[in-house]
Amino acid sequence: MVRPGELLDVLLAGGRRADRATHVRVLPARPGTPADWPTWADPDLVRGYRALGVERPWTHQAHAADSAWTGRHTVLSTSTGSGKSLALWLPALTAVRADAAARTLDPGRIENVTRRGTTLYLCPTKALAADQLAGLDRLLVAASTRDVKVATCDGDTSFEERRWVQEHADVILTNPDFLHHALLPQHRRWTRLLASLRYVVLDECHAFRGVFGAHVALVLRRLRRLAESLGAHPVFLLASATTSDPAASAARLIGVAPSEVTAVTDDGSPAGRRTFVLWQPPELPGGDGPWSDLLPQDDPWATPLPVPAPDRSPADDSGSPDAARDVPAAAPTPAPALGAEGSGPLGTGERTVAEADERPRRTATAEVADLLADLTAAGARTLAFTRSRRGAESVATTTRAHLSAVDPALAGAVQAYRGGYLPEERRALEAAIRTGELRALATTNALELGVDIAGLDAVIIAGWPGTRVSLWQQAGRAGRAGADGLVALVAREDPLDTFLVHHPEAIFDTPVEATVFDPTNPYVLAPHLCAAAAELPVRATELDLFGGARAGRAARRAGRTRRAAPPTVRLVLDAPRTGLAADRPARHRWRPRAGRRERHRATAGHRRRRVRRRDRAPGGRLRAPGPDVRGRRAAAAGRRGPGDPPRRGARHLGTLADVHHHRDHRRPSRAGAR
């Protein structure tokens, strides 16, 4: 097994690949600062954390948990692997257990009959939700608590399990997509959850940026509005990577003022030494084909061009045009010799197309496969991040091919991890990399977000991930739990990647970006406001939740909803003119246009009303006709003849013996033909 200090030597191959490392930066280790457990924390949960090896929380964990317990919206923005989950779950689970204990103290008194507090956990990916569920199960088993029911509910959950979650679960782990498509439109089935909602946990909230972040922000506003209509006022707990101005980003995400959000940014967790290498693949030796030796050294199209020298006539000191005209013309300058002037600017002698300064370089995918094979053969546990699913599969396949030539047993220790796999396959790969059964995973950014995979030695990043936040998130996978780690950023054949690996100050000496998104984007706001009106009528006093507090105050002060509303909301409020929404006094309802489905339902209802009264049961439902009715209809069918069309009411019920259930109802049966 390779030691952490030897990982860089393995990467450099004993100096044979030293020219590919453009920069090496060693990030020093950081000691941890512990704190005491909060006095309000549940003793059983504290005992469970200690059984899992957490004797005392770190300072940022205790600070964030205290802020959430006092009822303030809290965002925790610290480095990867700093234990943000403890700060989120400690107040949430303590509140759930406190409500359960209050009901069991004196269950016979009616004032003790209250709803148990619930917690809703939201994360960008299903892998992160499954990882958090496994961590909560370990905690509750270690704490010997059986009164907290935790479950995941997403698109993979069956309807039977979903119904159990609606009726019994205390902590529900899901994602914003399920919240938008299933929970909010059917919020009456989730009344128990929404009416007793105490905490809403948003994990990895830095991923909610751009248009996706705007959608998530409006979904959270709709969630807040439904919960407040049922009397609940949940506290939002947000966990984020190290970003710029996390309080403002969190406030914009949940729709409150920045002063109502407490930001915890001082990281008190320990961190091991991390070696960061910027890597540029080598140049290709002219080409990979057998014809590469036949290519000329210079570009044959770079032909020297004879350029005449410019005519520079001397002028009189007076600078008058007449004086310049009296000066005899200079002798013509002879043409320069062949090759004296190139294709560059005049008079410079440069040949800009003679030959390129750099040849094409090796692809980042092939370079990462070689590095991953060397680290795996040395015994290191490694993650290789790629930019696409195809890249992950290519890196894994090439790495296995390299390892098969060394040791066929090592080829099975490398797999690919990406979206598109079945949930069972993803869970099996995550468990295998945790236990050490797998030594390397070639993955997309699916493993970038908070999946707790401890014990990794190295991380290889194929190409610039797009933001510094994503870069440090992926780099944080190496050396978790205070161990040393190695990170290598391999540049692609891209101008930005080439610039960054040659200018390390743009990576290490520049602060990370802020999370940017715009919830007032009219193209995003309009459908969400219509969806909110479909869930619950939108009142004029609720417009500030969607369009800003300033516009909402202006609307209330002016007393006119449409004119005083913000411009993006006004576009949606004008929808009654086009038939999209029904404008009622002080509130707006959703009124969809009549489409094909609505017209079909109206036609079917008209047909159902034409069914004979004797074919209806006393309760109003259709019933099968009795023997006397069937006999009369059979006799009537015999009198009509096999070719005559049946009666409309009988055909609608489908009870005639001489008519098949077929589109052509005139087709007679065999019995009718006889």
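Helices here are DSSP runs of H or I with at least four residues, numbered from the N terminus, and Glu 367 is found in one of them, helix α12. Keep that in mind as you look through these views of a predicted model.

**Figure 1. The whole protein contains 27 helices and 17 strands.** Let's begin with the overall picture. Of the 674 residues in the protein, 45% are buried. The accessible surface comes to about 35300 Å², and carbon and sulfur atoms account for 52% of that area. Now think about which residues meet: among contacts between residues at least 6 apart in sequence, 72% join residues at least 24 apart.

**Figure 2. Helix α12 is largely enclosed by the rest of the structure, because 10 of its 14 residues are buried.** The buried residues are Ala 364, Glu 367, Val 368, Ala 369, Asp 370, Leu 371, Leu 372, Ala 373, Leu 375 and Thr 376.

**Figure 3. Glu 367 sits in helix α12 and is buried.** Is Glu 367 buried or exposed by the numbers? Buried means a relative accessible area under 20%; Glu 367 has a value of 1%, so it counts as buried.

**Figure 4. Arg 381 is buried yet has no salt bridge.** You can find Arg 381 in the loop that lies between α12 (364–377) and β10 (382–385). Which side chain of opposite charge is nearest to Arg 381? That is Asp 457, at 5.9 Å, whereas a salt bridge needs the nitrogen and the carboxyl oxygen to be within 4 Å. The side chain of Arg 381 does reach a backbone oxygen, that of Ile 433, at 2.3 Å.

**Figure 5. Pro 124 lies in the loop between β3 (118–122) and α5 (126–143).** Here is a view of residues from separate parts of the sequence. Pro 124 and His 206 are 82 residues apart in sequence, and their C-alpha atoms are 9.9 Å apart in space. Setting aside neighbours within four places in sequence, Pro 124 is in contact with Asp 203, Glu 204, Ala 207, Phe 208 and Leu 449.

Terms used
Residues numbered from 1 in each chain as written. Predicted model: local features only at pLDDT ≥ 70, side-chain atom pairs only at ≥ 80, totals over all residues. Heavy atoms only, no water. Helix = DSSP H or I, 4+ residues; strand = E, 2+ residues; numbered from the N terminus. Buried < 20%, exposed > 50% of the residue type's maximum accessible area, 1.4 Å probe, protein only. Lys, Arg positive; Asp, Glu negative; His and termini not counted. Polar contact = N/O pair within 3.5 Å; in protein donor to acceptor, adjacent residues only side chain to side chain. Contact = heavy atoms within 4.5 Å. Areas by Shrake-Rupley, 256 points an atom, 1.4 Å probe, with all protein chains shown as cover.
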